[in-house]
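Please read it alongside the sequence and the coordinates.

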Amino acid sequence: MSRSPLPYNPKILELFRNPKNLGRMDDATVSAVAGNPSCGDMITFYLKIDDESEAIVKASFESYGCAANIATSSILTEMVKGKKLYDAWQTSWKTVAKEVGRTAYGKIPLRYPGCGSVEEGDKTIL
Amino acid sequence: MVEGVRELIKAHEGVEREVYLDFENSAPVPEEVVREMLPYFNVKAYGNPTLTNKPGWEAYETIISSAKKIARYVGAKSLEEINFLPGETEANNLAILGTVYKRKGQGNKIIISEIEPLSIIHVCKMLEKSGFRVEKIPVDGEGFINLEWLKEKVDNNSIMVSVSSVNNEIGTIQPIREALDIVKSKKSEIIFHTDISDAYGRIDFDLSRIPVDLATISSYKILGPRGIGALYVREDVKIERILEGQIGTQKLWPGIENTPLIVGFSKASELAFENFEQNINHMRRLRDKLIDGILNSISGTLLNGPSGGKRSPDNVNISFLKCEGESLTIELSLKGVYVSSGSACTRRALQPSHVLTAIGRRFEEAHGSILMKVTRYHTDEDVDYVLKAIPAAVDRLRKIYGSMGG
């Protein structure tokens, strides 16, 4: 097909308007920034981790990016919440893309920075 | 997928006001232009202008009268110099390729500015693959071409130079007369092309005073219908056709002319020019009200392009730091304010606007840019509404940006 797919679906729009787990977390165990301002895509993730169980009890984000970036960040924080660190680490951009529904061509370029950010956070702890 | 789009559209229900400012990318056609076009679809002049029957002769008469009108507004000597074609992209392709085909073997250098529209840049990139050398005139921080550079680089090996009269993204009014003089004094055979799509009807520009060889004109940029434009080719200039097919009333672009669209283009020109001074004064006032209103009320903002008389009267292009442009277009759309952005996210190439990076904007400044154009139809109430919507939109997105881990 030669026609470009449309960049957005209603799920992305809804999460862009009402993102979950938005904002800085002052009591975060770890935070990590991924992406690059030059690509217009940058995310900070904050994770609060329970010492004993190594489970993520809270996750939040800040974003500089397009609506898809904001929506997928919101989804990713929901996905990793409650997970053990090692399991959260396994979250791939493909899983996130699947969760958000059909996303646009190029909207999650190669590797979603949010996953990198969670991975970085996990690695720091592990 | 279509279902999804319907929901996106539905999300806009109940907006307080709608202000369309994305005139760079498309335009609503004014009622008076539509009214003028309508009879030409099925009441009169619906024939083929080259054929020997009444509707055909009516079409011929209509096309010639429209060409005559546009020739007069643009400062052409003769209506024969106006070649109708589907739009700016086609006109720019014809200008570049048509010249290159004609001038085969006479040199291989093409000079364009680094902020030309993609219909110039991409066709030149294609020519580079077949052995042409393309040199790009650098621009300064406001988008003005470097005339000294041009003087140095234009040589006997150059076949053509192409510089837009007004930049479509940042509104810079180029010193075309000076550029033309530099090129022609070096070698008069070098073809000089200028895209006047953003100059026509917005600045005092007359081809009889600035005798370029080729000029591109777009209809929708002056509120005419989409799908029509023209390439001005000065009487004594020869270029080749780039498409083949049945020839209508004009030799450079095959196919049967689209009479209703030509009528719309001509009517839109008439409306833009009949109260020219009044129209551009109105636009300039609203432009400055928008620019000043935004720069004075929002911190971390940058005006892209020059200000005052050196800027096109309709163009507003501002970068909002810590605010990504595509998100901003969506946030504003949900408030009924329709704009576009130079952000990478709005482009298939995932690179920010080449115009903004050429004037020295850092990537994150280019990503946060918003482009708006005002017309004679906009009101103070429209601008007041936009000036209320933008700070709220920027504020929400900057909250999402937060401290960015800092």
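In this predicted model, chain A contains five helices and three strands, which follow one another along the sequence in the pattern α-β-β-β-α-α-α-α. Chain A has 126 residues, of which 44% count as buried, and among its contacts between residues at least 6 apart in sequence, 63% join residues at least 24 apart.

**Contact between chain A and chain B**

- The contact between the two chains draws on 29 residues of chain A and 26 residues of chain B.
- On the side of chain A that touches chain B, two or more residues come from each of α1 (10-17), β1 (30-36), β2 (41-49), β3 (56-64) and α2 (67-80) of chain A.
- Sorted by class, that side of chain A consists of 17 nonpolar, 10 polar and two charged residues.

**Domains of chain B**

- The domain assignment divides chain B into domain 1 (2-21 + 276-401) and domain 2 (32-273), and the centres of these two domains of chain B, taken over C-alpha atoms, are separated by 28 Å.
- Where the domains of chain B meet, domain 1 provides 21 residues and domain 2 provides 19 residues.
- On the domain 1 side of this contact, α10 (276-297), β10 (315-320) and α12 (354-358) of chain B each supply at least two residues, and α10(B) gives the most, with three residues.
- The residues on the domain 1 side comprise eight nonpolar, 10 polar and three charged.

**The seven-stranded sheet of chain B**

- Seven strands of chain B form an open sheet with mixed pairing, in the order β2-β8-β7-β6-β5-β3-β4.
- Its edge strands are β2 (82-85) and β4 (133-137) of chain B, each of which pairs on one side only, and the twist from one strand to the next averages 20°.
- Within this sheet, strand β5 (residues 158-162) of chain B pairs with strand β6 (residues 191-195) of chain B in the parallel sense over three bridges, and B:Ser162 has B:His193 in β6(B) as its bridge partner.
- Helix α4 (residues 54-74) of chain B packs on the sheet, where this helix touches β2, β7 (214-218) and β8 (229-233) of chain B, and its direction makes about 115° with that of β2(B).
- Helix α6(B), for its part, lies across β3 (109-113), β4, β5 and β6 of chain B and runs at about 155° to β3(B).

**The helix pair α5 and α6 of chain B**

- The axes of helix α5 (residues 88-102) of chain B and helix α6 (residues 118-129) of chain B come within 9 Å and cross at roughly 35°, and the crossing is right-handed.
- Residues of α5(B) in this contact include B:Asn92, B:Ile96, B:Leu97 and B:Val100, while those of α6(B) include B:Ile120, B:Val123, B:Cys124 and B:Leu127.
- By class, the contact of α5(B) with α6(B) has seven nonpolar, four polar and one charged residues.

**The four-stranded sheet of chain B**

- A further open sheet of chain B has four strands in the order β9-β10-β13-β12, with antiparallel pairing.
- Because β9 (301-303) and β12 (340-341) of chain B stand at the edges and each has a single partner strand, one side of each is left without a neighbour in the sheet.
- Strands β9(B) and β10(B) pair in the antiparallel sense over three bridges, and B:Leu302 stands opposite B:Ser319 in β10(B).
- Helix α10(B) packs on this sheet, touching β9, β10 and β13 (369-373) of chain B, and its direction makes about 10° with that of β10(B).

**Buried positions in chain B**

- Helix α11 (residues 325-333) of chain B is mostly covered, since eight of its nine residues are buried, among them B:Gly325, B:Glu326, B:Leu328, B:Ile330 and B:Glu331.
- B:Val263 is found in helix α9 (residues 259-274) of chain B, and B:Val263 counts as buried because 25 C-beta neighbours lie inside 10 Å, where the cut-off is 20 or more.
- Leaving aside residues up to four places away in sequence, B:Val263 touches B:Glu36, B:Met37, B:Tyr40, B:Thr62 and B:Ser66.
- The C-alpha atoms of B:Val263 and B:Ile63 are separated by 7.5 Å, although these residues are 200 residues apart along the chain.

Definitions and conventions: Residues numbered from 1 in each chain as written. Chains lettered and ligands numbered in written order. Predicted model: local features only at pLDDT ≥ 70, side-chain atom pairs only at ≥ 80, totals over all residues. Contact = placed C-beta atoms within 7 Å. Nonpolar A, V, L, I, M, F, W, Y, C, P; charged D, E, K, R; others polar. Buried ≥ 20, exposed ≤ 12 C-beta atoms within 10 Å, placed from the backbone. Axes fitted to C-alpha atoms, helices over the stretch in contact; angles between N-to-C directions. Left-handed = near helix turned anticlockwise from the far one by under 90°. Pairing = 2+ DSSP bridges. Domains from an automatic or database assignment.
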